[in-house]
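Here are my notes on the model you sent.

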Amino acid sequence: MEWQIITKNEQETQKFANYLSKFTFEGQVILLYGDLGAGKTTFTKGLAEGLNIKETINSPTFNIVKCYYKGKINLFHIDAYRLENNKQDIGLDEYIYGNGVCVIEWPNYIDYLLPKNYLAINILPLSKNKRKITLISNDTKNDEVLEEVKKYGL
Ligand code: ADP
Ligand code: MG
């Protein structure tokens with residue numbers, strides 16, 4: 001199933017991600033595709049806010065993974081940018097199959113680690129502040145999430 005939305009600024013992206021957070025579940029993996037500056041971390045901030053996580057979310061580029069345990073459900077935020085397909089086993093399975101929602105920036109760099117089921121989100125800049133956000137679910141549980149997400153703004 002596929003669905004898309006256009007946001008006109010950073011706040012709209014965060015607000016939408018916040019809404020999505022209402023339907024996240026333990027074990028969900030969210031793949032965030034998009035170039036540098038597309039809005040992947042911005043999206044994650046909105047999601048975290050919706051999960052009632054008060055800590056600051058920033059790009060985990062230098063940490064690869066950051067964990068947040070104080071929200072409604074645990075959030076594991078992975079940025080695979082620096083892994084660039086070098087296939088080291090650094091134990092990311094612990095988060096990808098962990099007891100929380102796992103958000104992955106640059107999932108294309110860890111293709112070989114990705115699970116069978118996920119919600120893929122592609123963020124495409126249309127102009128300075130406009131983004132086309134496409135959500136693709138590939139299993140029944142994420143289909144259900146998308147069914148709810150489709151009601152956004154109605
Ligand atoms: P990424 O993690 O994909 O590299 P960031 O979220 O760190 O990107 O940065 C996105 C940048 O784009 C931020 O400076 C943000 O303010 C800006 N921006 C402008 N419009 C939007 C929008 N509609 N949605 C998300 N970010 C936006
Ligand atoms: Mg980022």
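In which helix does Leu47 lie? Leu47 lies in helix H2, and the points below start from there. The model is predicted, so local features are reported at pLDDT of at least 70 and side-chain atom pairs at pLDDT 80 or more, while totals for chains, interfaces and linings use all residues. Residues are numbered from 1 along each chain as its sequence is written, chains are lettered from A and ligands numbered from 1 in the order in which they are written, and side-chain values use heavy atoms, without hydrogens and water.

1. Leu47. The relative accessibility of Leu47 is 0%, so this residue counts as buried. Buried means under 20% relative accessible area, exposed means over 50%, and partly exposed is in between, with a 1.4 Å probe and protein chains only. Apart from neighbours within four places in sequence, Leu47 is in contact with Ala17, Asn18, Leu20, Ser21, Thr24, Ile30, Leu75 and Val103; contact means heavy atoms within 4.5 Å. Met1 is 46 residues from Leu47 along the chain, and their C-alpha atoms are separated by 21 Å.

2. The rest of helix H2. How many of the eleven residues of H2 are buried? Nine are, so the helix is largely enclosed by the rest of the structure. The buried residues are Lys40, Thr41, Thr42, Phe43, Thr44, Gly46, Leu47, Ala48 and Gly50. Their cover includes helix H1 (10-21), strand E2 (29-33), strand E4 (75-79), E5, E6 and strand E7 (131-137). Helices (H or I, at least four residues) and strands (E, at least two) are DSSP runs, numbered from the N terminus.

3. Gly50. This glycine is also in helix H2. With a relative accessibility of 17%, Gly50 counts as buried. Leaving out neighbours within four places in sequence, Gly50 is in contact with Asn18, Ser21 and Lys72. Gly50 and Asn18 are 32 residues apart in sequence, yet their C-alpha atoms are 4.4 Å apart in space.

4. Just after the helix, Asn52 takes a positive phi of about 70 degrees, although Asn52 is not a glycine. Most residues other than glycine have a negative phi. Asn52 lies in the loop between H2 and strand E3 (65-68) and is partly exposed, with a relative accessible area of 41%. Phe62 is found in the loop between H2 and E3 as well. Is Phe62 buried or exposed? Phe62 is exposed, at a relative accessible area of 67%. Phe62 and Arg82 are 20 residues apart in sequence and 7.9 Å apart in space, C-alpha to C-alpha.

5. The magnesium ion. Which protein donors does ligand 2 have? The donors of this magnesium ion are Thr41 (OG1) and Glu105 (OE), lying 2.2 to 2.3 Å from it. Thr41 is in helix H2 (residues 40-50) and Glu105 in strand E5 (residues 101-105), so the pair, 64 residues apart, links distant parts of the chain. Donors are N, O and S atoms within 2.8 Å of the metal (3.2 Å for Na, K and Ca); water is not among the atoms, so sites may look incomplete.

6. Trp106. Trp106 is not a glycine, but has a positive phi of about 60 degrees. Trp106 is found in the loop between E5 and strand E6 (119-125).

7. Overall form. The protein has four helices and seven strands, which run β-α-β-α-β-β-α-β-β-β-α from the N terminus. A compact globule of 154 residues would have a radius of gyration near 15 Å, and the 14 Å of the protein agrees with that. The radius is taken over C-alpha atoms, and the globule rule is 2.2 Å times the number of residues to the power 0.38. Along the principal axes, the C-alpha trace spans about 45 × 30 × 30 Å.

8. Burial and contacts overall. Of the 154 residues in the protein, 51% are buried. Among contacts between residues at least 6 apart in sequence, 62% join residues at least 24 apart.
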